[in-house]
Amino acid sequence: MAALCSEFGDLVQIKKQLISVISLCKERGLVHSVKWASELAFALDPLPKDELPPSHLVSEEDVQDLDAFALAKSYFDLKEYDRAAYFLRGCHSKKAYFLYMYSRYLSGEKKKDDETVDSLGPLEKGQVRNEALRELRVELSKKHRAGELDGFTLYLYGVVLRKLDLLKEAVEVFVEATHTLPLHWGSWLELCNLVTNIEMLKSLSLPSCWIKDFFMAHIYTELQMIPGALQKYQSLIEAGFSKSTYIISQIAVAYHNIRDIDQALALFNELREQDPYRIENMDTFSNLLYVKSMKPELSYLAHNLVEIDKYRVETCCVIGNYYSLRSQHEKAALYFQRALKLNPRCLGAWTLMGHEYMEMKNTSAAIQAYRHAIEVNKRDYRAWYGLGQTYEILKMPFYCLYYYRKAHQLRPNDSRMLVALGECYEKLSQQVEAKKCYWRAFSVGDVEKMALLKLAKLQEQLTETDEAAQSYIIYIQEIFSCGEQLEHVEVSTALRYLGQYYFKNKLYDEASLCAQRCCDYNDAREEGKALLRQISQVRDQTETASGELFVSLSDNNTPIKRVSPLNLSSFTP
C-alpha cells in the first residue's frame, strides 16, 4: 500500500489509499469498514483513470487458494459461515486464513444470537456465549506470539479478546493493529469503544496517520469532550471532506450530546436531503424530535423508515419513540424489545426501554434494562442517570447517589446531573454538598432553570436569609431575561420571599415592587395585597425614605449590603 499521508495536503493520495483499503476489506467481508471508507472516498473528487491505484500484488499462496477462497467467499456472503470455514480449512494465504477465522467467529456469534432470541425474554440475563471464542483465542495467540498475524487478523484477535472480557490485552492488540494497518477503520473503532477516559487515551501510542484525526474526533464525542470534537470535525471539513455525510452525521450527534437541539435538527435535516434513504443515526434524530414534541415530523420519519427497511434496529427505535411520545408506553416497549431481538447489543434500545418501564412504574424491569445498557457501554450517562432516578423512586438515596455520581462523572457540565446530585445530598442531610451542586448547576448553564430555586429554598430552610434572597433575585432575573414562561408558582414563591425579606429590612420600595408583582399570580395575590397594606401602614407612620435606611443599614455592616436591589421594571412575567 502507498506510503501514508501524515497530513491532508495530498487528497489524491488519500483517495488512492481509501480505494485500496476498500478493496482489501471487501475481500475479507468487513462490510462496515468498506462502507465507512466508501463514504469518505465518495466525498473526495474522482481520480483520473491513470491515477487509479493498481490491483494488489498476488502471492503464490493467493494463487493456490484462489478457487477455494472464491467459493468460500460466496458462502460467506450468503451468511453460510460454517460452510465457508469448511472449504477454507486447508488454505495457507493470509487472506484465506483471515476469512477462515472470521467465518468461525461469525458462526459462533450467529448461533449465540439465535439462542438468545429463542430462549430468553428481553430482560433475562442469559449465560449464552459464543462457544468458538476460546478456541479462536488459543489459535490466534499462538500465531501472535510467532509474529504471523497481519493487520486484519490482529483486529480479529482483538475482537475475540474483547468478547472474552480481556480488555487490557484487547487494547494492546488493537493498538498493534492500527500500527500494522492504519487504514482499517474497524481497529480504530474497536479501540474507541475500549478507551474509558482522556488519561487512557493520552497513554496510547498511536500511529501518525491522517485517519487518526477521524479517530480523535470520534473519541472526543464519545468522551463528551464536544468542543474538541467539533473543532476536529471542522478541521476535517476544511481539509477537503466537506461533502462527507459521515462527518455531518457525527457533528449532528455531537450537538445532540450537548443538547443543542436546534443545531442538531438542522444538521439531521441536511443529512436527510443529501442521503434520503439513510437509516443510520436516525434513532438519534428521532430522540431530538421526541424532546421537541414534534409529533408530525416523528410520525413522518417512522413511516419513511418502515418503507425503507422495517426490520432495522434504528427503525424499531424510531417507532418506539413515536409511540412513547403518544404515551402508548406498552407499544413503545414492544418496539424496543423488537430492536433488541435484532441486535442485543443496541445501546439506545436498552436505555429507551428502561425509560418506558419507568413510565409504566415497573422499576425492577427498568433497573434490568439500564444495567444491560451499562454492560453494552459503561459510558452511557443516560443509563446511569436512569438508575439513579429509579432508586430515587424506591427511596434508596445511597444507591441513588452512587448512580448520579457516575452520570455526573460522564457529564460534568450537565446541570441535570448536578441538580439530581444536589437533591440526593439534601435527602442525606449533606446540605453543604447540596448547595455546591446547585450553584455549580447554575454556573454551567442550568437547562431546566431549577438549580437556583432549589438553592434558595435550601438556604431559606437553613435560615441563611441574605443568601436565599440573593439566590431568589438571580433566579427571577434569569427567568424574565430568558423570556421563558415557567410555572408561575415558582416565580411567585421567589417574589413572596423577597417581598417579606425587603419589608423586614425596611427596604419599602423593593418590598412594594415585589408585592405588586405577587398580584400577577393567583396563588400569591392575597399575600401581595396584604404586604402592600402593611407597607402603606408603615409609610404612614414614618417619613424616612427607604434609600436612607439602606445607607444606614450598610453603615452598620449588616449583611444587607451583599444583596443588590431587585430591578423588575423592564420585565413582565
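Start with helix α26, which covers residues 451–461. Its buried residues are Ala-451, Leu-452, Leu-453, Leu-455, Ala-456, Leu-458 and Gln-459. When you look at a list like that, keep in mind that an α-helix has 3.6 residues a turn, so residues three or four places apart point the same way. Just past the end of α26, you'll run into Thr-463, which has a positive phi of about 55 degrees. One thing to remember as you go: this is a predicted model.

Next, hop over to helix α6, made up of residues 94–119. Is Ser-103 buried or exposed? Its relative accessibility is 0%, so Ser-103 counts as buried. Setting aside neighbours within four places in sequence, Ser-103 is in contact with Phe-76, Tyr-81, Ala-84 and Ala-85. Asp-82 sits 21 residues away from Ser-103 along the chain, yet their C-alpha atoms are separated by 6.7 Å.

Now click on Arg-104. Its relative accessible area is 15%, and the cut-off for buried is under 20%, so Arg-104 is buried too. Which residues does Arg-104 touch, not counting those up to four places away in sequence? They are Ala-85, Ala-132, Glu-135, Leu-136 and Glu-139.

In soluble globular proteins, nonpolar side chains tend to be buried together. Here, the largest nonpolar core has 188 residues, and Tyr-105, Trp-210, Phe-214 and Phe-215 are the ones with the most contacts inside it. The element that gives the most to this core is α6, with 9 residues.

Trp-210 and Phe-214 turn up again in an aromatic cluster, alongside Trp-36, Trp-185, Phe-241 and Tyr-246. Across the whole structure, a search finds 30 aromatic pairs. Take Tyr-391 and Tyr-399: their ring centres are 5.1 Å apart and their planes are at 25 degrees, so this pair is stacked. How accessible are the two partners? Tyr-391 has 8% relative accessibility, so it counts as buried, while Tyr-399, at 45%, counts as partly exposed.

The charged end of Lys-406 sits over the ring of Trp-384, 5.5 Å from the ring's centre. Finally, find Tyr-381: Arg-411 lies over its face, 4.3 Å from the ring centre.

Conventions: Residues numbered from 1 in each chain as written. Predicted model: local features only at pLDDT ≥ 70, side-chain atom pairs only at ≥ 80, totals over all residues. Heavy atoms only, no water. Phe/Tyr/Trp six-rings, centres within 6.5 Å; stacked < 30°, edge-to-face > 60°. Buried < 20%, exposed > 50% of the residue type's maximum accessible area, 1.4 Å probe, protein only. Lys NZ or Arg CZ within 6 Å of the ring centre and 35° of its normal. Helix = DSSP H or I, 4+ residues; strand = E, 2+ residues; numbered from the N terminus. Contact = heavy atoms within 4.5 Å. Core = buried A, V, L, I, M, F, W, Y, C linked by side-chain atoms within 4.5 Å.
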